[in-house]
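Me: I'd like to learn how to read a structure like this one, step by step. Could you walk me through it?

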Amino acid sequence: MKQITSDVYLMKMAQTDSRAPQVNVYFLKNEKLLIDAGPDNYPCYLELQQNLKSLGINLKQVSVVITHHHPDHVGLLKYFPEETAVYADSGVRYYGTTAYLNAIEEQTQQLQILGIPPHAIDQIKAQLQKRFLPFLENVNFKDLNRLPVSSIRIHRLRGHSPADIVFQKDNFFFGGDLILKGIYFNVLLDIDPVNQKLCLLNQEYEQNIKKILTTFKIQTWCPGHGDSMNLSSLVKVNHKYQKLRQLIHQRITQSFSFSDYDSAVREIYSYFPRLNDYFYLSDILTVIK
Ligand SMILES: [Zn+2]
């Protein structure tokens, strides 16, 4: 565990898949608040308890806020005491319901209409099914608006996923996976818990990143993976993002005389048969939609 300020601590948690990146879990000592729970990896749970103990705190005294519903950020909740209060977007619980599983079946079928080959649809389905976490139904979720910690501001800024929240304490921003260094593009296909439809929030993402970079007085951005960043490195990351996006967009529009993305996706697919289609398709749609 690393101390960042007098109040903020960082724990880096390993995922069970060693190829997957470490996950940042932050602990605000004065508030007794964890920002994200971390991945489903029991040794991390034991380590978390130890770390809190070294600060004189018992896990039972701690509340949790969640930046988004992906398993690397909520998975560890599986082992928490059942009374632990967890403040998250109201949609997070949905990813533990059978309604979510049904929506995956229904929605991915519609990808066939876009001309996406069956093996790709299977990969997309598998990726979304990995995010089905039945234990979420037993988590003691609380309304985020009732978070009893006045030092924390809540910003609902969707884009990476349909449930993204940015938490602010003074000039520190805990942004989950909204802006990550070296990850392009991190707008991912997901099922929106509100209308239960497949979604890719690239337009909201653009707007929200702009808002973060222009209106927030960021001193330190604490991401869900990787090192913390100041405003100028955030701007650089976004600049690179925009440039890459433009380049790919150019390549696509130059290579195809048609403008509809259905045909573009169908054509482009034939060039990249070995990539994980889930991430690949998320990227293509981000660029050309
Ligand atoms: Zn993540």
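Reply: Gladly! Helices (H or I, at least four residues) and strands (E, at least two) are DSSP runs, numbered from the N terminus. By that count the protein has eight helices and 13 strands. This is a predicted model, where local features need pLDDT of at least 70, side-chain atom pairs count only at pLDDT 80 or more, and totals for chains, interfaces and linings use all residues. Residues are numbered from 1 along each chain as its sequence is written, and side-chain values use heavy atoms, with hydrogens and water left out.

Me: What is the order of the strands in the open sheet of seven?

Reply: Two strands pair if DSSP finds at least two bridges between them. Here the order runs S1-S2-S3-S4-S5-S6-S7, with mixed pairing. At the edges are strand S1 (2-3) and strand S7 (140-143), each pairing on one side only. Within the sheet, strand S3 (residues 23-28) and strand S4 (residues 33-35) are antiparallel and share three bridges; Tyr-26 stands opposite Ile-35 in S4.

Me: Which residues are the protein donors of the zinc ion?

Reply: Donors are N, O and S atoms within 2.8 Å of the metal (3.2 Å for Na, K and Ca); water is not among the atoms, so sites may look incomplete. The zinc ion has Asp-72 (OD), His-73 (NE2), Asp-177 (OD) and His-225 (NE2), at 2.0 to 2.2 Å. Their sequence spacing is D-H-x103-D-x47-H. Asp-72 in helix H2 (residues 71-74) and His-225, in the loop between strand S13 (220-223) and helix H6 (231-255), are 153 residues apart and link distant parts of the chain.

Me: Why is the site of the zinc ion irregular?

Reply: Four donors count as tetrahedral if all angles lie between 85 and 135 degrees; four count as square planar and six as octahedral if opposite donors are over 155 degrees apart and all others between 65 and 115; anything else is irregular. The angles among the four donor atoms of the zinc ion are 88 to 164 degrees, and the site is irregular.

Me: Is His-73 buried or exposed?

Reply: Buried means under 20% relative accessible area, exposed over 50%, partly exposed in between (1.4 Å probe, protein chains only). His-73 counts as buried because its relative accessibility is 0%. Asp-72, at 14%, is buried too, and so is His-225 at 12%. Across the protein, buried residues make up 53% of the 289 residues.

Me: What does the side chain of His-73 make a polar contact with?

Reply: A polar contact is a pair of N or O atoms within 3.5 Å; within protein, one must be able to donate a hydrogen and the other to accept it, and residues adjacent in sequence count only if both atoms are side-chain atoms. The partner of His-73 is the side chain of Asp-177, at 3.1 Å.
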